[in-house]
Amino acid sequence: MERVYIGLGSNLAGPAEQLRAALAALQTLPRTHLVTVSSFYDSEPLGPADQPRYVNAVAALDSALEPPELLDALQTIEREQGRVRKAERWGPRTLDLDILLFGNRQLHGERLTVPHYHLHARPFVLYPLAEIAPGLRLPDGRSLDELLAACPLQGLHRRAAPEPGGQSTN
């Protein structure tokens, strides 16, 4: 089993409900255990500004799946929740599930880059990650605290913490 951190985001079709449904789906993955979930955070969208704000969170999993297996499972969850991949980068979406960290692995494949390639510059990932993994060090040795110091909140607002079982009070 390896500790894996998953970024969750949505800005369409009831974003908080999308995240709750995704957390429920994560709990059903084979050879995987949902360990904890950060609070939900509201954030400004990347890319086109004419889209709704996002709701984001980070989940910690312990998984025996290999990275491509987990990626396939996450993309299945996205599709089941109405995600349609379009050519527009950073456009609105019902659900986005990103593998942020996979143990201490560093992967640079065609389908998957771990640590996530923009992890260091995304407050909607770093702040929820710090909430559930204080003192974390990335595979390259950088500390999460170093990354946070260089990444301002940029309109990020924390909501209430999810209830046990992946439920949130929002």
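1. Q154 sits in the loop that runs between α4 (144-149) and β8 (157-158). The model is predicted. Phi of Q154 is near 50 degrees, a positive value in a residue other than glycine. Most residues other than glycine have a negative phi. Q154 has 53% relative accessibility. It counts as exposed because the cut-off for that class is over 50%.

2. A13 belongs on the list of backbone points too. Its phi is near 55 degrees, a positive value, and A13 is not a glycine. The residue is found in the loop between β1 (2-10) and α1 (15-26). A13 is exposed, with a relative accessible area of 59%.

3. Check the peptide bond between V114 and P115. This bond is cis, with omega at about -5 degrees. Most peptide bonds are trans. P115 is placed in the loop between β7 (113-114) and α3 (123-132).

4. Next, the second largest pocket. Its volume is about 150 Å³. The lining includes S43, E44, P45 and L46. A121, R122, P123 and F124 also line this pocket. So do L153, Q154, G155 and L156.

5. What is the make-up of the lining of the second largest pocket, in nonpolar, polar and charged residues? Seven are nonpolar, three are polar and two are charged.

Terms used:
Residues numbered from 1 in each chain as written. Predicted model: local features only at pLDDT ≥ 70, side-chain atom pairs only at ≥ 80, totals over all residues. Heavy atoms only, no water. Helix = DSSP H or I, 4+ residues; strand = E, 2+ residues; numbered from the N terminus. Buried < 20%, exposed > 50% of the residue type's maximum accessible area, 1.4 Å probe, protein only. 1 Å grid on protein atoms, 1.4 Å probe; cavity = no way out; pocket = protein on both sides within 12 Å on 5 of 7 lines; lining within 4 Å. Points joined across faces, edges and corners; volume = space filled by probe spheres on them. Nonpolar A, V, L, I, M, F, W, Y, C, P; charged D, E, K, R; others polar.
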